[in-house]
Amino acid sequence: MESNEQILRTEEFVKENMKGYDSGHDWYHIERVRSLALYINRKENQLDPFIVEITALLHDIADSKFSPGNSESGYSLIAGHLDACGLSGIKERVLKVIKGVSFSSNRFNKAMADPLLWVIQDADRLDAIGAIGVARAFNYGGFRNNAIYVPPDETGLLAKSTVAHFYEKLLKLKDMMNTPTARQLAMERHQFLEVFLSKFYDEWEFGTV
Ligand code: ADP
Ligand code: NI
């Protein structure tokens, strides 16, 4: 099978298998991550763009948020797809990287020195900050029926909300980028998060202080 067709078939496979995901994890997220990953890879000049593209396309197929406790079936789905496309040769590497991409498996990542992981992970993290990141966070929060924001009580603790998610995760991402190119792109996107939060609190407290 020609590489063009392998890409096309992978696009179809991804669209088919992400139907139940929220809009922050839809096909457009996959397209943005693909463009970011290819851009970072061009700047860093590291890998064959083909494997970058295939991995970016497949990176969210086994997301445990949408198939709870069931990542394994996602991985075998991916393995089956790669075999069917004549891509058994890159299967092991692609699967290992996809397992390593998520925020939660950071410990596992330290042991894994593959530039393919660095590029895909950076691209995925960049799409979680900036204006798109804000939109995705509130969309995901709505999807889960979480509060937009809950002001801290006397103990100063921040209750579960989408704004709390900014502190738990989004504001940390700029310091977690692997490549200099992504670190550069993250600066502006991070600044936007700060501006957003500052305006958010101004408006929340309007007339009370
Ligand atoms: P990744 O897919 O990169 O491993 P996540 O799946 O945790 O990371 O996050 C994907 C997107 O969903 C991000 O834009 C993130 O902000 C959003 N998200 C995840 N958990 C929450 C949450 N509790 N509240 C709001 N947004 C969330
Ligand atoms: Ni993703």
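Let's start with asparagine 45, which sits in the loop between α2 and α3. Helices here are DSSP runs of H or I with at least four residues, numbered from the N terminus, and strands would be E runs of at least two. Asparagine 45 is exposed, with a relative accessible area of 69%. By exposed I mean over 50% relative accessible area, by buried under 20%, and by partly exposed anything in between, using a 1.4 Å probe and protein chains only. The phi of asparagine 45 is near 55 degrees, a positive value in a residue other than glycine.

A quick word on the ground rules. This is a predicted model, so local features need pLDDT of at least 70 and side-chain atom pairs count only at pLDDT 80 or more, while totals for chains, interfaces and linings use all residues. Residues are numbered from 1 along each chain as its sequence is written, chains are lettered from A and ligands numbered from 1 in the order in which they are written, and side-chain values use heavy atoms, with hydrogens and water left out.

Now please look at asparagine 145, in the loop between α8 and α9. Asparagine 145 has a positive phi as well, about 60 degrees, although it is not a glycine. With a relative accessible area of 70%, asparagine 145 is exposed.

Stay in that loop for serine 161, placed between α8 (130–143) and α9 (162–168). Is serine 161 buried or exposed? It is buried, at a relative accessible area of 5%. The serine 161 side chain reaches the backbone nitrogen of alanine 164 at 3.0 Å. Leaving aside residues up to four places away in sequence, serine 161 touches Ala147, Ile148, Tyr149 and Val150. Contact here means heavy atoms within 4.5 Å.

Let's move to the metal. Which residues hold the nickel ion (ligand 2)? Its protein donors are His29 (NE2), His59 (NE2), Asp60 (OD) and Asp124 (OD), lying 2.1 to 2.2 Å from the ion. Donors are N, O and S atoms within 2.8 Å of the metal, or 3.2 Å for Na, K and Ca; water is not among the atoms, so sites may look incomplete. The angles among the four donor atoms run from 87 to 176 degrees, and the site is irregular. Along the sequence, the donor residues are spaced H-x29-H-D-x63-D. The two histidines link distant parts of the chain: histidine 29 is in helix α2 (residues 27–44), and histidine 59 is in the loop between α3 (49–58) and α4 (71–84), 30 residues apart.

Histidine 29 counts as buried at 0% relative accessibility, and histidine 59 counts as buried at 4%. Their side chains are joined by a polar contact of 3.3 Å. A polar contact is a pair of N or O atoms within 3.5 Å; within protein, one must be able to donate a hydrogen and the other to accept it, and residues adjacent in sequence count only if both atoms are side-chain atoms.

Next, two helices. The 14 residues of α4 should span 20 Å at 1.5 Å a residue, and its end C-alpha atoms are 20 Å apart, which agrees. The expected span is 1.5 Å times one less than the number of residues. Buried in α4 are Ser71, Gly74, Tyr75, Ile78, Ala79, His81 and Leu82. Seen down the axis of α4, these buried residues fall within an arc of 165 degrees, so they line one face of the helix. That arc is taken from the directions from the helix axis to the C-beta atoms. They pack against α1 (3–17), α3 and α5 (88–101). Just after α4, glycine 86 takes a positive phi of about 75 degrees.

As for α1, its buried residues are Gln6, Ile7, Thr10, Glu11, Phe13 and Val14. They cover an arc of only 165 degrees around the axis, which puts them on the same side of α1. Their packing partners are α2, α3 and α4.

Last stop: lysine 19, in the loop between α1 and α2. Lysine 19 counts as exposed at 61% relative accessibility, and a polar contact of 3.2 Å joins its side chain to that of glutamate 16.

Note on methods: Tetrahedral: all angles 85-135°; square planar, octahedral: opposite > 155°, others 65-115°.
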